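The report below first takes up one residue and its surroundings, then a second residue, and ends with the chain as a whole.

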Amino acid sequence: ATRMWTCADQLAGRELCGILNAALREDNADLMPHVAVITRAINELLVVRRTGLHPPDNNVVYRGGGLPAQHQAFFTKGKQYRVPMFLASSFQKKIAQQVFCRRAQQDGLPPVLWVIHLDAEWGCMHVNHVQKTQVAGEGEYLFVPYAVFTVQDTQWSDSPTWMQPHVVTLRAAVDNLLEPDSLPLAPWA
């Protein structure tokens, strides 16, 4: 399942990871039985079989992407929320910016760099390093759907670029099971 997740092949211009995340976000009842099978298989790696876990340097991972201006207001300091999809991140800030922030800018979205801190003592129980990948050197750290994050800081730019993106600093919860189910869902991630 994780090899399918990391596969760069596309269907109708989208990778499987994007198709799966869109289905999770949309929460379409007709698709959920199929989505659940793949999600469960990936979660097996992320949560159940957490062997060979390689924590990132300094307990920090990065996610690059785009953030439409209308969603900025959701991400305020102290806000705790859940992400209704798998959340991929990288050990390398340069990859997050050069590949994913740059792609967002090319697609017309304001680039954003998510800086995700893990607890130095306990880490995070709902993430794992994806080692079996179809993309060499990817270094992906993948969080489960509905993972909990808290906004620590935001730095908004008047004219973000992939080299100088918006920056949203987050703290990943140690254990999703200890967090309220009633937390709001992020409108974008």
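Leaving aside residues up to four places away in sequence, Q97 is in contact with R102, L113, W162, M163 and P165. The model in which these contacts are found is a predicted one. Q97 itself belongs to helix α4, which spans residues 93–106, and its relative accessibility is 13%. Because buried means under 20% relative accessible area, Q97 at 13% counts as buried.

A second residue, S90, is placed in strand β5, a run covering residues 87–90. S90 has a relative accessible area of 5% and is therefore buried. A polar atom of the S90 side chain lies 3.0 Å from the backbone nitrogen of Q92.

The two residues are set side by side here.

| Residue | Relative accessible area |
|---|---|
| S90 | 5% |
| Q97 | 13% |

Turning to the chain as a whole, its secondary structure consists of four helices and 10 strands, which follow one another along the sequence in the pattern α-β-β-α-α-β-β-β-α-β-β-β-β-β. The chain has 189 residues, of which 43% count as buried, and it exposes about 10100 Å², with carbon and sulfur atoms supplying 53% of that area.

Methods:
Residues numbered from 1 in each chain as written. Predicted model: local features only at pLDDT ≥ 70, side-chain atom pairs only at ≥ 80, totals over all residues. Heavy atoms only, no water. Helix = DSSP H or I, 4+ residues; strand = E, 2+ residues; numbered from the N terminus. Buried < 20%, exposed > 50% of the residue type's maximum accessible area, 1.4 Å probe, protein only. Areas by Shrake-Rupley, 256 points an atom, 1.4 Å probe, with all protein chains shown as cover. Polar contact = N/O pair within 3.5 Å; in protein donor to acceptor, adjacent residues only side chain to side chain. Contact = heavy atoms within 4.5 Å.
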